[in-house]
Amino acid sequence: IVILDEPQNMVTDKAKEVWETLQALNRAWTEGSPEDLSNYFHKDMVAITATEKKRLEGRDACVASWTAFTNSVKITNWKEIDPKIDIYGDAAVVTYYFDMAFESNGRTMEIGGRDMFVFVKEAGRWWAVADQFSPYPG
């Protein structure tokens, strides 16, 4: 599993903090224990995913969805590509592309896509409040 150390557009301490938070969040579900996402997902987090018809609402629903996915596959590769971090006071938007490979039912699947997280800083730390990801079109 490869996770970029630092995007090229990293210019502020806030952006570095957000990037480090995002990296830790991604490591939690790609390498560690997806239940640890509760340390990164805001209690009121929402997510729009490629596999759910309706949005996921709340930390528990989001953690459960990520956990269900990681329990059903073995992730063999994860790579973030070309991240962009925009800071708006105590809010941040992080967009990036990703490559991922995983094994499922004896088959290796390789997918790529795009991801967009929104973070807010509360109580001295950054929390993911929204996520939308999808595979590349076509």
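A: Of the 138 residues of the protein chain, 40% count as buried, where buried means under 20% relative accessible area, exposed over 50% and partly exposed in between, with a 1.4 Å probe and protein chains only. The model is predicted, so that local features need pLDDT of at least 70 and side-chain atom pairs count only at pLDDT 80 or more, while totals for chains, interfaces and linings use all residues. Residues are numbered from 1 along each chain as its sequence is written, and side-chain values use heavy atoms, with hydrogens and water left out.

The protein chain holds two helices and six strands, these being DSSP runs numbered from the N terminus (helices H or I, at least four residues; strands E, at least two). From the N terminus on, their order is α-β-β-α-β-β-β-β.

The six strands form an open sheet with the order 2-1-6-5-4-3 and mixed pairing, two strands being paired if DSSP finds at least two bridges between them. At its edges lie strand 2 (56-57) and strand 3 (74-88), each of which pairs on one side only. Strand 3 runs antiparallel to strand 4 (residues 91-104), and twelve bridges join the two; within this pair, Ile87 stands opposite Ala92 in strand 4.

Helix 1 (residues 13-30) packs on the sheet and touches strand 1 (41-48), strand 3, strand 4, strand 5 (107-122) and strand 6 (125-135), a contact being heavy atoms within 4.5 Å. The direction of helix 1 makes about 160° with that of strand 3; axes here are lines fitted to C-alpha atoms, for helices over the stretch in contact, and angles run from 0 to 180 degrees between N-to-C directions. Helix 2 (residues 59-72) also packs on the sheet, where it touches strand 1, strand 2, strand 3, strand 4 and strand 6, and its direction makes about 60° with that of strand 1.

Helix 1 has 18 residues and reaches 26 Å from its first C-alpha to its last, close to the 26 Å expected at 1.5 Å a residue, the expected span being 1.5 Å times one less than the number of residues. Its buried residues include Trp19, Leu22, Leu25 and Trp29, and the cover over the buried residues of helix 1 includes helix 2 as well as strand 1, strand 3, strand 4, strand 5 and strand 6.

For the whole chain, residues 24 or more positions apart account for 52% of the contacts with a separation of 6 or more.
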